[in-house]
Each structure stands twice: as C-alpha cells, then as structure tokens.
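Here is a friendly walk through one protein model, with salt bridges, sheet pairing and a surface patch as the stops. Have the viewer open and follow along.

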Amino acid sequence: MIDRVETSSDRVRNKTSQNGVIQPLLTDLYQINMAYAHWKSEKREDRAVFDLFFRKNPFSGEFTIFAGLEECLKFLENFRYSESDIEYLKQIMPDTVESEFFDFLGNLSANDVKLYAIDEGKVVFPRVPLLVLEGPLIVIQLLETTLLTLVNYASLVATNAARYRMAAGRRIKLLEFGLRRAQGPDGGLSASKYAYVGGFDGTSNVLAGKLYNIPVKGTHAHSYISSYSSLNDLKHETLKHSETGAEMNLKDVSLAWRSLLAEKLHLIHSEASDGELAAFISYAIAFPSGFIALIDTYDVLKSGILNFCAVALGLNDLGYRAIGIRIDSGDLAYLSCKARSTFAAVSQDFELEWFEHLQIVASNDINEDTIISLNEQGHKIDSFGIGTHLVTCQRQPALGCVFKLVEINGTPKIKLSQDVEKVTIPGKKSVYRLYGADGHALIDLMQRTEEPAPQSETRVLCRHPFQESKRAYVCPAKVESLFKLYWKDGELQQDMPTLEEVRERVQESLQTLRQDHKRNLNPTPYKVGVTDELYNFIHDLWLQNAPIGELF
C-alpha cells in the first residue's frame, strides 16, 4: 500500500517497492498453526486451489470494482520469512513445535504458486473469483489473510469512489479529503490511492501525491481565517504586478473594491468581517495565482462572498486571476446558487467574463446521497471535497471477501452450509463475460476448466448455481475471458498497468454495464451463472458430501 507508482517504463516491479508492513507476519496466527499441522501431517507436497471472492456487492449496489491486485503481486514477490520473523514465531508457538518446521518456514517462497486474476479496475460480481491461487497447500494457506486485507479495503474504497463519481457526473471535480478521518496512516494512504482509482480527481494527502503521483489539492482552514482579527494584523500589504513588476498595495485596492461592491450588490459594508478580509489578503499575497478562499467562517452572504470578490478584483488589478471559493457549511445548494449569481453580476458589471466561471468547491460531511440531493436542487458547485464517508465507507465498512479451498491434489472440494449463499462452487474454474449486441455485459459465466470456451454467436445454456428453475440461453455477440495468469515460477507474467491506466479501466468497465445495474435506487442484479456441466457437477458433489439424515 505504501509504494511509489512507477512510470510505464518500470512496469515490472522490483522487490523494494513494497510497504514494510506487508510481510508474511501480517497474518492470523491460525494460518501458522494450520501450516504446522499440515507440515507435521506430512502434507508438504499437497497441492491446492483456492478462490478469493465475495458474496454480496457493497453499498446496496449491484457492482464492485476490483482493486489491490498490484499489491498482492508485490506481496508474492517479497514473500520471505526473515530471521527475526522466525525467532519471533519460536517465542509465541508452543515448545512442542519441532525446530525443523521453522527451518521449513525460513526456506519458503511463493515461487511454486500460480496466481490467476481478473484485471485490476474491472467491475466484478459476487461468487466470481477475483484471484485463483494454485500451488503448495501450506504456502497458499499462509498467503490467505494478507491477500484478503490487500483486496478487501482497496476494492471497497474504489467501489465507493466510483459510486460518488457516477452520482456527481463527469463535469464535477471530486477531491478526497479523508486523511484525518481515515483508519490510521496506512488506511489514509490506501484510501487516497484507491479513491483516485475509483474516479476521484485529486487528494489533500501530500504523501499520497508523492508516492502515487496523484494531483494534490488544498486551500486553508477556518483557523487561518480566524487567526486574523482586523486589518491591523496584516504584516505585508503589497504585491508586485504580474507583468510590470510594479508594487501595489493589495489592502488598499481590496478595500476600495469592497466599498464599491457593497453598493453594487446591495450589501451592508459594516457587516463584512475585517479580520476575514485581512486573512484573504494575506493568503492572496502568498498565493496570488492560486487564490481560493474559505468563505463560511462568519457569514457566507454578508461577509465571505463580499470579501472574496473584493480581493479577487484587487488581484485582477495586479494581473492575477483568483481560482474560486470553498463553502464548508450551511445550505450548499442555496449558497452555491447565490455565489454563482454574485459572480455573474460582478462579471457583467465590470466586464470580466472569467469572473462568472470562478470555481465553487463544497465540503461538509458529503456522501453519495448528499450529491444526489444537491443535483435535484440544481446546485452550482464545481467540485466536492469528500472525506469521512468516502474513506471510512460508513455506509458499509467491509466488503467481506473470503478465501476458500476448492481443490486439493486434483480433487474438487465443496463447502456446504444451511445458508445456500455460503455454499462454495468447487474445483478450478474458468470465467467468461458474455456481451450482447449493444456492447453491454449480459452475464458472467463460470465453467469447469476442461470445458470448451463459449463462442460468440453460439447459444449457451446459463444456469443459476443453486436454483434449478433459473436458467436461460444466451447467444453472445462477444465473449471475454476474465482470468489471466499473473504469477508463475516466481515471476510476473503480465505487464502491470500504471495507476492512471487502472483508473481509466474502471470507467471503461463501468460503461459496459447497463444503467439499471448502476442506478442508486433498486438496481437490477447482474447475472452470474454456471454452465450446465458445472451445475450438475456442483449438485452431484453436494449430494456426495451432504450427510444423509435418519428419522426416529
């Protein structure tokens, strides 16, 4: 998670670009316990297949964005128990654990593991494996917890961000402001990275900007404004003209503009805060080409908007253009409309066409429903700064990925449950996405690996894995194989995309879904099915493994 995004010329990652926290001991103790039990039972040569998947889409939606694959591959590249790891395990495990087991751990690597995966940034759906791992049982068991933690949160945040992007539309800029509310430093960095993947345009997180090349944005806080009490607090009042270099007094120019604007806009001059004006002037002197002001410290309409416009016009006299305003409280739809109408009036009165198009940024505990409501109210906001609800995923704090054994030594395995949703689909599988003639995805189809792949323009029977009556023929216009071999023999098998390319893939993949699958309210479930052969195989294996009851 804490790693630099490298350029396209460095696509095969080196072994040093990994978060130091992501290591073999970032696991649950029971994984080590099982590894020892397997080792002692002489199952060291056993080979297994595990699927990593989830059972339900988050946020009451009908799609999920797969993220975290690159981090999983880095983990495989760097999977080694260090000497200090081994010493620590000797301390915490029972004295009865044989010393040869620790020698065994010290020589382990992921070189004998194969990893198949769906491309990072693709839309994915319940039951469909995101990762398939094939290799030594003990090694894959030791990988489980770390892979789950790398995929769960990344996919959840990317999905949350994608939903915000759809709610806001393409025109609106979305900025992630969540570091201070995130679950710790690494959670904050991961949130910044995967919010960007999901469709956000930038972050306030400076370290995330450095590590991942994400655009960094920021203005100032209310504390900056309230640290000025009057115009006497200004230590510097002058600014050089951007073209002539002549030094001019920005305070005097801004005061003159404020008097004129108060009359033009029918505002009471005395109700505007001089301390706020002083803060705006000082910030404008520091950032004359990047002046954006937080205008709700005192009163947006009586003080903030007037003081901002005065300083913005003063900067214009000195050859600079202000950027805009941020509103962090109040009725955001109403205040943004009033601000936009004020900008339009100033633009018309003083023949400054650009003034009407100043940016309006809104923050204040915004969530997906807030954006939808603001859209309905006809807001005039250009950009949303979103923190808490995005990075903590308050609406659903966990995705719930699971890691299940589906084959051991060539024998398919099934997990049964009274809850049908928790019954696993056994064996190693292939997965295909079938598309209709309009380019939209129709269904994800799982099948046994030995079955021939479905063909375009050829009818195939698709069945619900557990409900016998749910079945349909599909004649796809296009067939896409979802799994790629990403890791084999200790080496990456695919060129890894840049973060920008993953981000683009998210939007491209979402475009393949019908709108009713993506809508906020009561979306249509996307279909995931199995072939007739796999359906029969599942149910035959189910009957073989389910105990036969006896009545007395």
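Arg 433 counts as buried because its relative accessibility is 1%. The model is a predicted one, so please read each value here as computed from predicted coordinates. Arg 433 forms a salt bridge with Asp 444, and the closest N and O atoms are 2.7 Å apart. Asp 444 sits in strand β17 (residues 441–448) and Arg 433 in strand β16 (residues 429–435), so this contact ties together parts that are 11 residues apart in sequence. Asp 444 is buried too, because its relative accessibility is 0%, and the cut-off for that class is under 20%.

## Other salt bridges

How many salt bridges are there by this rule? The count comes to 24. One of them joins the side chains of Glu 368 and Arg 163, at 3.1 Å from N to O. Glu 368 belongs to helix α13 (residues 368–376) and Arg 163 to helix α5 (residues 137–168), so the pair ties together parts that are 205 residues apart in sequence. Are these two residues buried or exposed? Both Glu 368 and Arg 163 are buried.

Charged residues also link up in a network of salt bridges, made of Glu 70, Glu 71, Lys 74 and Lys 193. As a general point, side chains of opposite charge can pair when their charged atoms come close.

## The parallel sheet

Now for the strands. An open sheet of 6 strands runs in the order β7-β6-β13-β12-β11-β10, and the pairing is parallel. Its edge strands are β7 (202–203) and β10 (292–294), each of which pairs on one side only. In general, strands of a sheet pair through backbone hydrogen bonds, either parallel or antiparallel.

Then β12 and strand β13 (residues 383–386) pair in the parallel sense over 2 bridges, where Ala 362 has Phe 384 in β13 as its bridge partner.

## Crossovers and a link back to charge

Which helices take part in the β-α-β units? Between β11 and β12 the helix is α12 (residues 332–349), and together they make a right-handed β-α-β unit.

Arg 326 is buried because its relative accessible area is 12%, whereas Asp 328 counts as partly exposed because its relative accessibility is 21%.

Which residues make the nonpolar surface patch of about 280 Å²? They are Leu 29, Tyr 88 and Ile 92. Tyr 88 has its place in helix α3 (residues 83–92), and it counts as partly exposed because its relative accessibility is 43%.

Conventions: Residues are numbered from 1 along each chain as its sequence is written. This is a predicted model: local features need pLDDT of at least 70, side-chain atom pairs count only at pLDDT 80 or more; totals for chains, interfaces and linings use all residues. Side-chain values use heavy atoms; hydrogens and water are left out. Patches are made of residues with over 30% relative accessible area and no salt bridge: like charges are joined within 9 Å, nonpolar side chains (Val, Leu, Ile, Met, Phe, Trp, Tyr) within 5 Å. Accessible areas come from the Shrake-Rupley method with a 1.4 Å probe; for residues, only the protein chains shown count as cover. A salt bridge is a side-chain nitrogen of Lys or Arg within 4 Å of a carboxyl oxygen of Asp or Glu. Helices (H or I, at least four residues) and strands (E, at least two) are DSSP runs, numbered from the N terminus. Buried means under 20% relative accessible area, exposed over 50%, partly exposed in between (1.4 Å probe, protein chains only). Two strands pair if DSSP finds at least two bridges between them. A crossover is right-handed if, with the strands pointing away from the viewer, the path from the first strand over the helix to the second runs clockwise.
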